[in-house]
Amino acid sequence: MTSADPLRLLVLLPDAADDPATQELLGVLADAGDDALAARAVAWDGGPRLAALRGHLPVSVVADLGGGPAAALERALLRLGRRGAGFAVRRRRLGVRGAIDAVYLTSPRAAPLLRFLPERARPPVVVMVPLGEMTQAEHEPLSDEDRDLLLRTTDRFVVASLLDRLERLGVPSDRIVRIGAPDDGAGAPGPDPARLAELRGRLAVPEGADVLAGSGPLVWRGGADLFVRLLWMLRARRGRDVVGVWVGADADPLERRQLEHDIAHMDLAGRVHLLADDDADALSMADLHVVTSREVDAPEPYRPAAERGQGLVGFRTDVLDRFATDGAGELVEFLDLERLADAVERLLDDAAARTALAGRVRARFEEWHVPPARTRFLLQTLRSAR
Amino acid sequence: MTPARVAFVSHNASRSGAPLLLLQLQRWLLDHSDHELVTVLLDGGPLEADFAAVGPVVGPDDLAGLDADLVYLNTVGAAPALAVLPDGPKVVCHVHELDYALTHWIDEADRDRLRHRVDRFLVVSQLVRAALERCVGVDPGRVEVHYGFVDVAAVAAGAPAPAASGTRVIGASGTHVIGASGTTEWRKAPDLFLALAAAVERRRPGGEYPWVGGADRGPEIDGVLADRDRLGLTDSVRFVGEQPDARAWFAAFDVFALVSRDDPFPLTVLEAAALGVPVVAFDSTGAREFLADGCGVVVPYPDVEAMADAVVRLLDDGPGRAALVEAARRRVRADHDLGVAAPRLQAAIESVLAS
């Protein structure tokens, strides 16, 4: 198979429910196009999106195999992890025979269907773990047999939530591919110059001052306290004329009060602005986007920078570390504000490095989140799964 | 002085600075005056029995009918009592609060009552005086500074054994111990203590960092504990909660770190000084007034790196450390001992009674 040949894909899905797993598949099918993909699918159950799926590819449903006792027994045996007398017939009728380049599970919940795959010369198996699926899996776990089957059979787990801990299930890290959930906000147009001028005037940003942006909730996990301390460090200890804008200060009145106290006592009044989401345009004023969040799931920590074509600096958290592989972000050790200030200063003093960094951030974001680049990345993962 | 009936209003009976100071003052007055003492507790706490041992204790429902010549509000947190107090008694307010509390813990009606109903404000530091003028608009002529105090002899009595936690004894392995103490609320900044520990570890690995008092788990401290674990400092930075004898812990500290963002005049600093433990603090606290002139090290808030440098200097500089410890010990005995400070407070109360 060359990269120009359509990928012969067998899709296994738990059902055609209107949920993230089905939506994910529909998005991939829409973006891939017929030239790239020759797919067929098997679902354990039907559901409200079955017709939509059948608009893109043939879908066999195990539950539709017939209502006779043999079919019922076959389904029961499959649920129990065994193959009954009619297995070969079912397999043929489901259409899982023939040339297959890769098998794609839309969710770990489709694991029982892996029993339909040939045991010899099995094609590579890639499992998508949609956002929230692992949390759900912890509450409604797969049977031990299905979990073993999933772990034994799967060549790549593609994980949409970067906070998921597949390692906890015993999956080696080299079998995990990080990607993000689809993001329709990518490439949002920036504010017009008049709006930016209005914001600069309202916030009294001095001519020539560098601007750093941060965003997120004001509560502990958002790390706004660390952003304020970073600004203090840059201004008071290093003498830089720098202004900070933090967007996301709509709620959390207690934390806001505490931050305002700190801002006043660090002599940062008028230099650090806590803004509501309505003023998100202020993020576009920034020379750099700084991520001080402690634990916020993707894509929130890096989306603002990627959307605005800005460089990204932050702490080495799970989410950012995975995103910033190959230079798509300048990261320092967690909570090390001194090194963070070093990185910020270095980039503020080097416009070319800043621009190059912004380009890498944008490229990674598109690869992970923006259809159709995200779909291309998925197809590439499927092609190279083994 | 003719004996008077003095009612002390405390916002609660917690084992924290202001209620502890009040208890010491009441015990002093019991021994050194004929005044009749009543305590009004707006809320409860572990010191209730100690207050009851001094004199009658009543609750907020008794405020309206309070029979007293002078009402002594022990903090501005007791200011809501002014709304129901009868008109007759003189009022003194002992202020242990800075901007944050003066702005957010009481409302404008309370601030208005403080301005108009209180005859004399006794404040625990110059920093508090400035905050009271700035945030409440109090006339400076009605404000007197009365620094906090401890019973130095009682604090320093005996040689407390090194504190133990679990199976470990703090500092027993010869490592440096940088300690802190207080509640674990935001104002006391356990987050900055963690940042300090990380900064000291970068300079001098292998230290122990106990925080005595406050919560050892729960929502107030969970975020800091999570940060601590991610920094790999789980074994060295420990929040040990309330301890029956904090002195035993303090005595094991090589350096006492006051990392508070906002602290009017912490008594823990006086206790550390009485025990011969050098203190580093941020300049955002009233402790800077005690630590001035070589009695401790003060760094700008929130310069954790500068504080870590100061800690390491104190660990390394034997003679400098000894001089600082001695200066602090002299100052706490001269100016902040119960026997020195309580008579001044008594005089202030009696001058208001006589006015």
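A residue is buried if 20 or more other C-beta atoms lie within 10 Å of its own, exposed if 12 or fewer, and partly exposed in between, with C-beta atoms placed from the backbone. A nonpolar core is a set of buried Ala, Val, Leu, Ile, Met, Phe, Trp, Tyr and Cys residues joined through C-beta atoms within 7 Å. This is a predicted model, in which local features need pLDDT of at least 70 and side-chain atom pairs count only at pLDDT 80 or more, while totals for chains, interfaces and linings use all residues. Residues are numbered from 1 along each chain as its sequence is written, and chains are lettered from A and ligands numbered from 1 in the order in which they are written.

**Nonpolar core**
- The largest nonpolar core has 229 residues, and those touching the most other members are Val245(A), Val344(A), Leu196(B), Ala257(B) and Val279(B).
- In soluble globular proteins, nonpolar side chains tend to be buried together.
- Beyond its neighbours within four places in sequence, Val245(A) has contacts (C-beta atoms, placed from the backbone, within 7 Å) that include Leu203(A), Val211(A), His273(A) and Met285(A).

**Chain A against chain B**
- Contacts join 14 residues of chain A to 15 residues of chain B.
- On chain A's side, α8 (224–237) and α9 (253–265) are the elements that give two or more residues; helices (H or I, at least four residues) and strands (E, at least two) are DSSP runs, numbered from the N terminus.
- The largest share of that side, five residues, comes from α9(A).
- By class, the chain A side has five nonpolar, three polar and six charged residues; Ala, Val, Leu, Ile, Met, Phe, Trp, Tyr, Cys and Pro count as nonpolar, Asp, Glu, Lys and Arg as charged, and the others, Gly among them, as polar.

**Domains of chain A**
- Chain A is divided into domain 1 (7–182 + 371–383) and domain 2 (193–369), with bounds from an automatic or database domain assignment.
- In chain A, 10 residues of domain 1 are in contact with 10 residues of domain 2.
- Helix α14 (residues 373–383) of chain A gives the largest share of the domain 1 side, three residues.

**An exposed residue and a buried helix**
- Asp277(A) lies in the loop between β10 (272–275) and β11 (288–291) of chain A.
- Asp277(A) counts as exposed because it has 11 C-beta neighbours inside 10 Å.
- Helix α10 (residues 267–274) of chain B has eight of its eight residues buried, so it is largely enclosed by the rest of the structure.
- After α10(B) comes Gly276(B), with a positive phi near 75 degrees.

Definitions and conventions: Contact = placed C-beta atoms within 7 Å.
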